[in-house]
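Here is a short briefing to read with the model open beside you.

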Amino acid sequence: GATLCLLGSVICAAATVQGFVFNASNKTVSGARVRVVDPFKAEGSVEEFTRTDRDGHFDIHGIAPGKYQVLAYKPEAGYGDTQGAFFAAGITIPEVTVSEPEDVVTVNVNIGEPGGFLNAVIVDEQTKNPIPGANIRLIIEGQPDRWLKSGAGQDGTFTTIIPSMPVVMTVSSPGYKPVLISLTLSPGEHKALTIALRKAAR
């Protein structure tokens, strides 16, 4: 965690992790969220986080000695949170080692290419009424370990970023037949879907 200095006379020994965030086109990404994560702690403890400046540069201070992953994401621009395997498909997450408290470690983070934006509404095929809480599971085609599970809201809507690669989407709800949909969204594409579920035979 961070070392906090309240008095100028206190000497703080805390390492810095710095670098740039690039996308798949090798262009820097401004305004990206950057986190230093200890993957060996439960659920990957976030040690520190910041945002890149207009040049795509970041500095994260107050890092204790240890081994860390450096993650970057910018959901509003289509870059998903790579701490989850679904959004890390095709991306190599850099790892850094902080050996001494005064270390300055430089690392560049490739955030990949942006995904597309999916806006879906899940409805009953006959009544056209929304199905609140419908189950949604997204899997990168051919990579079953890279999946995202979520649920529709009370109004039957579901919104997410989808990596720009083939994805299989399964939508289900108790009492209905599940629906499988294959999707491939291009970078930055916005796609709206209405998905109608049919009541299962009793």
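Is F20 buried, partly exposed or exposed? F20 has a relative accessibility of 32%, so it counts as partly exposed; buried means under 20% relative accessible area, exposed over 50%, and partly exposed in between, with a 1.4 Å probe and protein chains only. The model is predicted, so local features need pLDDT of at least 70 and side-chain atom pairs count only at pLDDT 80 or more, while totals for chains, interfaces and linings use all residues. Residues are numbered from 1 along each chain as its sequence is written, and side-chain values use heavy atoms, leaving out hydrogens and water.

**Aromatic rings**

- The model has 2 aromatic pairs, counting rings of Phe, Tyr and Trp (its six-membered ring) with centres within 6.5 Å; planes under 30 degrees apart are stacked, over 60 edge-to-face and the rest tilted.
- F20 and F22 make a tilted pair, because their planes meet at 45°, with the ring centres 6.3 Å apart.
- F86 and F87 pair edge-to-face, at 5.0 Å centre to centre and 75° between the planes. Both F86 and F87 are buried.
- R137 lies over the face of W147, 4.5 Å from the ring centre; for this, NZ of Lys or CZ of Arg must be within 6 Å of the ring centre and within 35 degrees of the ring normal.

- D124 belongs to strand 9, residues 116-124; strands (E, at least two residues) are DSSP runs, numbered from the N terminus.
- D124 is buried but has no salt bridge, a term for a side-chain nitrogen of Lys or Arg within 4 Å of a carboxyl oxygen of Asp or Glu.
- The nearest side chain of opposite charge to D124 is K199, 4.0 Å away; Lys and Arg count as positive and Asp and Glu as negative, with His and the chain ends not counted.
- The D124 side chain does reach the backbone nitrogen of T127, at 3.0 Å.
- Leaving aside residues up to four places away in sequence, D124 touches N129, I131, Y176, L197 and K199, where contact means heavy atoms within 4.5 Å.

**Positive phi outside glycine**

- N26 is not a glycine, yet its phi is positive, about 65°. N26 sits in the loop between strand 1 (15-22) and strand 2 (33-38), and is exposed, with a relative accessible area of 59%.
- K128, also not a glycine, has a positive phi near 65°. K128 is in the loop between strand 9 and strand 10 (135-140), and is exposed at 56% relative accessible area.

Terms used:
Helix = DSSP H or I, 4+ residues; strand = E, 2+ residues; numbered from the N terminus. Polar contact = N/O pair within 3.5 Å; in protein donor to acceptor, adjacent residues only side chain to side chain.
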